[in-house]
Amino acid sequence: MSDQPLIRYGRTLILGTTNIKQSTAMGILNDGPNGSVNGKIGAHVVYEDEWGRQIIRTIGVKNGSYGGELANQQGTALTTNVLKPIRQVVEIGFKNVPPGKFWSAYNYASSYTKINAVTGTYPNKSIDFTKLMIAKGGLPLPLDVKVKLEQNVLEFTWDADLEIEGNDPRDQVMLVAYFRDSRRAINLLSGARREAEKETIKLPRFTKRMVIETYLAFVSDDRERMSDSVYAGQVIWDKND
Amino acid sequence: MGTLDHGINGPFRGKTGEAVGSKGKSKKNLVRARPRKTTKSKKKKLLSQHHNLGMMSSFLSLAREYIEIGFYNKKNKDDEMTLAMKYNLAHAIITRDDGPEIDYAEVKFSIGRRERVWSEQVEFTPGRIVKGSWDVHELLNMKVLGNDRAMVIMYDVDDDRLRYIKSEPLRSDLSYEYKLAAESVGHVIHVWVFFVSPDGKEVSDSDYLGSGTVLE
């Protein structure tokens with residue numbers, strides 16, 4: 001066995017294809033001929049992902065992108081732009097909903113956002129901020145969520161309605177103020193208790209007009225359960241106001 | 001492209017016969033074939049691509065030391081300048097009536113997860129003074145982020161060179177002030193800033209503070 005080239009095992013056991021040149025084999029066979037491969041073999045690359053799955057995919061230089069691929073790329077770019085600044089919140093808010101062990105909270109949030117919050121057709125796709133979610137879960141939603149801006153302070157208010165089943169007065173609020181033009185966000189991961197019915201975020205001083213999209217969700221005291229998030233509304237900061 | 005270990009004569013840089021030597025990521029010595037001459041006429045798209053490439057490359061080369069911090073990515077096989085070129089060619093070229101030019105407001109010298117600057121602005125006052133300022137919001141953990149170094153990049157358009165601040169301000173300083181050289185009077189300066197964690201392992205996206213003319 002030892003005088004046979006390594007690629008023979010890779011081709012037979014892993015790839016089942018004959019279009020790979022033996023001279024370009026660079027993969028390493030772990031644990032002998034029946035074990036896994038790691039590395040590049042011709043036009044394919046084999047590796048283990050964070051969940052221990054063996055992944056094989058093609059690798060090489062792309063010669064441009066066309067049609068639906070460009071539309072897909074624009075959707076992904078929009079999703080990444082909006083989720084990157086709120087990543088901390090999303091990783092808590094979506095941690096209970098991934099449908100399987102091969103999903104992280106952020107993966108699922110990306111997928112959810114791309115499917116539900118990206119609207120329009122290429123090349124004019126955009127994010128529908130009313131459909132963006134920062135958390136998903138079974139905790140009850142508050143009633144009458146409002147936001148207002150006064151003296152550089154965003155004030156969120158809600159009606160806790162503690163009589164509803166499942167409502168815990170010790171749930172904590174999570175808030176997001178997303179600045180759509182500069183693609184930045186202020187994230188409050190552990191705010192006031194549900195029973196307080198009010199929380200504020202003091203904004204930095206601004207010099208130009210700012211459009212702010214605001215969101216609210218609740219997380220249980222043990223940080224294991226979440227509510228769906230609520231879009232609290234759009235607030236505009238303008239120095240002339 | 002091949003890598004060159006010590007060999008008989010050691011590494012080399014530049015053209016040597018049909019080979020070109022250079023240094024790559026992690027100071028690896030690379031050797032590649034000399035580019036061939038083409039006899040085909042260049043199409044308009046290719047010419048424009050060459051123009052953009054040259055323009056962006058000469059601009060970003062000025063800020064190489066910042067880019068090596070801002071675009072450092074251990075996992076990526078491309079070096080920092082390649083990543084910066086890739087990003088800025090895609091996002092920071094704008095086509096005006098007289099052709100493509102660099103959109104300075106969109107240029108990035110760093111991309112990372114560290115908290116970005118807030119409420120950034122720049123002001124030029126008499127006495128050749130440039131004052132940059134930024135703010136922080138109340139939820140920012142200043143015990144962790146307050147000691148971030150602010151990397152301030154000032155580009156003199158008329159001289160086509162960078163102006164350096166001798167001592168880097170911290171994020172918690174919320175501003176910096178610098179007196180520019182007398183030769184800069186009347187020149188247009190563009191200013192950017194990004195933050196680097198004290199251990200140098202994390203950076204923020206760079207942000208454009210603005211531009212102005214140096215006043216005497």
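**Strands and contact**

Modeller: Start with strand E5 (residues 93-96) and strand E6 (residues 99-102) of chain B, which pair in the antiparallel sense over four bridges. Strands here are DSSP runs of at least two residues, numbered from the N terminus. Two strands pair if DSSP finds at least two bridges between them. This is a predicted model: local features need pLDDT of at least 70, side-chain atom pairs count only at pLDDT 80 or more, and totals for chains, interfaces and linings use all residues. Residues are numbered from 1 along each chain as its sequence is written, chains are lettered from A and ligands numbered from 1 in the order in which they are written, and side-chain values use heavy atoms, with hydrogens and water left out.

Colleague: What joins E5(B) to E6(B)?

Modeller: A hairpin, through two residues. Within the pair, Thr95(B) stands opposite Pro100(B).

Colleague: Now the open sheet of four strands in chain B. What's the order?

Modeller: E10-E9-E12-E13, with antiparallel pairing.

Colleague: Which strands stand at the edges?

Modeller: E10 (161-163) and E13 (207-213) of chain B. Each has a single partner strand, so one side of each is left without a neighbour in the sheet.

Colleague: How many bridges join E9 to E12 in chain B?

Modeller: Eight, between residues 149-156 and residues 188-196, running antiparallel. One of the partners in E12(B) is Phe194(B), bridged to Met151(B).

Colleague: Switching to the contact. How many residues does it take from chain B and from chain A?

Modeller: 19 from chain B and 17 from chain A. Contact means heavy atoms within 4.5 Å.

Colleague: And what area do chain B and chain A bury?

Modeller: About 1400 Å² between them, 48% of it on carbon and sulfur atoms. That is the accessible area (1.4 Å probe) lost on putting the two parts together, summed over both. On chain B's side, Trp118(B), Glu138(B) and Leu139(B) supply 37% of the area that chain B buries against chain A, more than any other three residues.

Colleague: How many salt bridges between chain B and chain A?

Modeller: Four. A salt bridge is a side-chain nitrogen of Lys or Arg within 4 Å of a carboxyl oxygen of Asp or Glu. Asp135(B) and Arg205(A) meet in one, at 3.8 Å, N to O.

Colleague: Which strands of chain B supply residues to the side that touches chain A?

Modeller: E7 (118-125) and E8 (129-135) each supply at least two. E7(B) gives the most, with four residues.
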